[in-house]
Amino acid sequence: MQHIVVTVNGVELADGEVAAHTTTLDWLRSRGLTGAKEGCAEGECGACSVLVAAPADDGGTAWTAVNACLLPIAALDGQEVVTAEGLGTPEAPHPVQAALAADGGSQCGYCTPGFACSMAAEFYRPGRGATGTTEAAASARREPHTREPAHPAHDHGPNDFDLHALAGNLCRCTGYRPIRDAAFSLGAPDAADPLAARRERPAPPPRATRVEHDGERFVRPRDLDEALRMLHDEPGATVIAGSTDWGVDVNLRGRRTPLTVAIEHLTELRELHATDSAIEVGAALSLSEVQRRLGGRVPLLDALFPQFASPLIRNRATLGGNLGTASPIGDAATALLALDARLRLVSPDGEREVDLAEYFTGYRETVRRPDELIRAVRIPLPLANLAAFHKVAKRRYDDISSVAVGFAIDLGDDGTVAAARIGLGGVAATPIRARATEAALTGRRWDLDAIREAASVLGGEGTPMSDHRASAEYRALMLNRALLKLYRNTAREEVPA
Amino acid sequence: MSELAARPDGAVVGRRVAHESAAQHATGVATYTDDLAARRAGVLTAWPVQSEHAHARIRLDVAPALEVPGVVHVLTEADVPGVNDAGAKGDEPLFPDEARYHGHALAWVLGESAEAARRGAAAVRVEYEPLPSIVTIAEAVEQGSFQGFAPTVRRGDAASALANAPHVVEGESFVGGQEHFYLETHASLAHVDSEGQVFLDSSTQHPSETQEIVAHVLGVPAHRVTVQVLRLGGGFGGKEMQPHGLGAVAALGAVRTGRPVRVRLTRTQDLTMTGKRHPYHATWRAGFDDDGRILALEATLTADGGWSLDLSEPVLGRALCHVDNAYWIPDIAVHGRIAKTNKTSQTAFRGFGGPQGMFVIEDILGRVAPRLGIDAATLRERNLYRPGQTTPYGQEVRHAERLQEIWERVRTESAFDERRAAIARFNAGSPDVKRGLAMTPVKFGISFTFTAYNQAGALVHVYKDGSVLVNHGGTELGQGLHTKMLQVAATALGVPLAAVRLAPTRTDKVPNTSATAASSGADLNGGAVKHACDQIRDRLADVAAAHLGGDPGDIRFADGIVASSATERGMAFAELVETAYHERVQLWAAGFYRTEGLGWDPATMQGTPFRYFAYGAAAAEVEVDGFTGATRLRRVDIVHDVGDSLSPLVDLGQVEGAFMQGAGWLMLEELRWDETDGPGRGRLLTQSASTYKLPSFSELPDELNVHFLERAREDGAVYGSKAVGEPPFMLAFSVREAIREAVGAFGPAGRSVELASPATPEAVFWAIEAARDAGAPVDETAGETVTDAAASVTAGS
């Protein structure tokens, strides 16, 4: 069977006995690299964070922080990884490590290697600091179309360090203040910094990989044709495109499957095109890549991304994966429904296009056949002129929605609603369109009376349930309030502090 | 000044130094228990078979597990040579014949890998004969299901005082539990060494008790078992009692198989198997005079203890001793009891009942203030202890003047009154988003209420080259204890910090240690380390006086130089040590410390359980979204009394971290259990990091100002310092009270606001709805009701 070879901290490590379900975290630890820790095994705490050399948009390399607990090591065949041990040593710490250590950034220290890796990724972010002052950075990120209140000043350091980079890392000891201060104290990488220099060269190309151990296979096909052939021949295969959901199943639910096919590297699934009539986003681009490459062209998605899990997840998770798992609380679907998105499905028989609103058929069920892959998501243009993404959860950073609402509303020059599309998550077995509310709004003036009527319709959409996240009553009222809040945010400026 | 508290010139204590392992933490080389297992060959993994019923008689068939490839053995009661109990009270069978809670470990499968052990555990057949279960405090009360003692703290005649009070209010309060969520889950690694000694690496806060329980499970004397603690990835009380059984499983497996055995709980196992902060229910009646002074309080506190007693009794004792928080309550009767339920056995957690006790009085004051027509900050201020007053359990509130000083400082430094006026103006113009500002005090008693625990030992070696090795009985949980102990030793011996190294905590170095708990680690172990170092220094002073001239009393030790003030001659510390060795002077010493002046009668709940009190106060400002109930922390100002700090950076970290952990408990962290009669009854629903949310960066206040009380020497503790681990946790009540203020602003003035705990967005939302339903808010800045229709989009929805 094929060996995998992973370059860790500059050293090539080969392994011929990798199981398909072996995570990068377990593999690193079994190699004696115990800096990365398991805190939750589901991508929530970030104690396992490591850096992966990923392709940057300019052809170079972006040091990208990921959750090692969710990533099969076989998926890193031929790739480069840097762990906390590789960043620096106690005698010669990396700047982020020195900053964390100097002023109280660690207490028990268990989360600290993970913080160091997430912090290093932001330290090396291309263009960090290029926008200058905090205020400039903040306003560059503020999205005029969504008109959502933001609190960016506290999230960006004077060094343009974006605190959201650490949103997927939990610390139970420090209370975060010293970690924030350490992050905001960082300068620019030194000229001699080898990891900074590494950014200039391309990332390692993806490699076709095929490993088998104990009757379980992990395959990274050469190209789309091979992938589709495999799915056709073995329709029971598990397809992963980022593996952030797969990792949770493997770690928490003990899921083991005979064949795992990884597709996030397939170039055919990683394209992004824009024409006058549509933007087409490759299903295997990571959400971070989508955000960067869209460059603000889809304000609704820009409102979504910061609220979608954490950067550690967004650096791996894909739109195809999020729609493929068909979770009723997958935030991307909620936004894409409002954007009237269509999916391009591809199989050995050819392609077909499906309206996302008709894609979901039941709880985690869709019209996608086992031999089909989501190739791309097509967002029709022009976009509605009022867009917002409202997510209600217990915690503001990195939480799962109790309720999510995507709004795309076309306001005519005469102040009436020309068209309205509203996507809902968390209130039914699938993400749904709020059709009755859309109808109630369409043709009405954008005023308080119409909003109140439509909001009460919205509050009755779906069939919300009570669970540990929220009660059914709260969920229903949050739908209602989402429209009122949207109206408030459009109808008058925020009261100055 | 006491000798214990006096600081020499050039003291290393008091300097702002980084955590002793900070560079190792950040570079990933700091080693934790399970990291050892990853680097050792031939280690077996133990995996639990967990109950799927809250209460059931069980029969196990382990044979199918043994068919699973890689499974080596299944540990059951039949393997136990000694006592089949994992606790100190005899009510925690290590291998139970009855499942007492959903998730209860019934057997442990040993496998060549975690994968094999997990598959083996899944293959074990468990026959359940379900029994009736109790999963809430209400059910326990209804069925009379209690355990342990039911104490009362009493002073005066609360019933009569209530009968005569001008204002009497009554109510109920409920505060939820809290998962420790130390980032490192429980870990143990055991092997039997060449001499037949069982050596256990454990993530325990209480190595001596882990040792005792491993020894009694194995049926061997304590001297056959050594427990080592490198460092913990957080403890917070969750590793005080809970590690013992897990260590015993590893040790039993090692003895049974002759191979090293590791136990490392997954997050979900840790959440579903180990104890948490106790939820508390309270009923109360409180009497006030017209000025808002508390006249009397009657209360009954019921703790949800879970399936076994664990530490529920001392936790309850501390809760009763903190119902007063920082307030003088002349007549009081507070009863406590412990419900026995089919849930995890609730245990120690930072504050140890103190937070639950204080919750009651803070909830009362927050709810009563509007009814009395007194703003909550003024109400609290009027009731603060004054010098000369005593607690309900009869202890003088020494340094009560510090409470007043701290309160005034916070009020001034946070610009409390100006900001409150500004917030009233903001709220008047902001129908959908309201802000609130509140101040709360903390008074927290320091010492174990179990008096015997207030002792500690240390073992200090000085080697011939002048380097120093310190062993002590405390464990490093991340709280910086080792950093402080290095500073204490360097101060006492007058050497640079770099000359001192700390060895990992081991029960064969310092025996019979107390848990590193109750904020006492530095007080107790610091006293012991100092005692050991003082003995060595005194011996060296004799040698130095002979060589340098003068009396031993003239010899000064500082920064690695030993000098005689009589002759002004000096020599290097290392040179003196070498000289002393040749003169056959003992260069090592055992140190011992016990806290003086304690006297506590648990039967009457009267006496002096605490050496001193730690004080603090906080002002918190929040902003609440009326659409969703989501809360943001805008600004927090804290003044806290750490005595004269041993290590300011460490203490700052404790204050900030404890505050944020407290804020998490009160506004976010929610343990939800299946309380239905369905098949999952008793199951913890929030059993992973994706469902149990602890604070992240989004809960960090935009502005966080922490100051220490100055000139704060505590005569009764090492180098004049004070304990700091727990007290600041309770500063977070300021956040909850600020949320209450903000919620109140959505409704009419003078209305009492009830707020569920934790104050999650949903809980806050319902409180806002109730406030709105009570009528329109009054703009206090203008003196009229806000009627701007456009300003209130949610009305009529």
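Is S51(B) buried or exposed? At 2% relative accessibility, S51(B) counts as buried. By buried I mean under 20% relative accessible area, with exposed over 50% and partly exposed in between, using a 1.4 Å probe and protein chains only.

Before going on, this is a predicted model, where local features need pLDDT of at least 70, side-chain atom pairs count only at pLDDT 80 or more, and totals for chains, interfaces and linings use all residues. Residues are numbered from 1 along each chain as its sequence is written, chains are lettered from A and ligands numbered from 1 in the order in which they are written, and side-chain values use heavy atoms, leaving out hydrogens and water.

Back to the serine. S51(B) sits in the loop between β1 (44–50) and β2 (56–61) of chain B. Helices (H or I, at least four residues) and strands (E, at least two) are DSSP runs, numbered from the N terminus. The side chain of S51(B) reaches the backbone oxygen of H53(B) at 2.7 Å. Contact means heavy atoms within 4.5 Å. Not counting residues up to four places away in sequence, S51(B) touches A99(B), Y101(B), H102(B), G103(B), H104(B), L106(B) and Y128(B).

Now chain B as a whole. Its secondary structure comes to 20 helices and 31 strands. For 797 residues, a compact globule would have a radius of gyration near 28 Å, and chain B agrees, with 28 Å. That radius is taken over C-alpha atoms, and the globule rule is 2.2 Å times the number of residues to the power 0.38. The C-alpha atoms of chain B fill a box of roughly 90 × 80 × 50 Å along the principal axes. Of the 797 residues in chain B, 67% are buried. Among chain B contacts between residues at least 6 apart in sequence, 80% join residues at least 24 apart.

Which residues does S690(B) contact, leaving aside its neighbours within four places in sequence? They are E42(A), E44(A), D399(A), I400(A) and R469(A).

That takes us to chain A. In helix α3 (residues 95–102) of chain A, the buried residues are V96(A), Q97(A), A99(A), L100(A) and A101(A). They pack against α2 (84–87), α4 (112–123) and α6 (177–184) of chain A, together with α1 (22–27) of chain B. Just after α3(A), G104(A) takes a positive phi of about 90°.

In the loop between α2 and α3 of chain A we find A92(A). A92(A) is partly exposed, with a relative accessible area of 49%. From A92(A) to E358(A) is 266 residues in sequence and 56 Å in space, C-alpha to C-alpha.

Last, α6(A). Seven of its eight residues are buried, so α6(A) is largely enclosed by the rest of the structure. The buried residues are R177(A), P178(A), I179(A), R180(A), A182(A), A183(A) and F184(A). They pack against α3 and α4 of chain A, together with α18 and β29 of chain B.

Key: A polar contact is a pair of N or O atoms within 3.5 Å; within protein, one must be able to donate a hydrogen and the other to accept it, and residues adjacent in sequence count only if both atoms are side-chain atoms.
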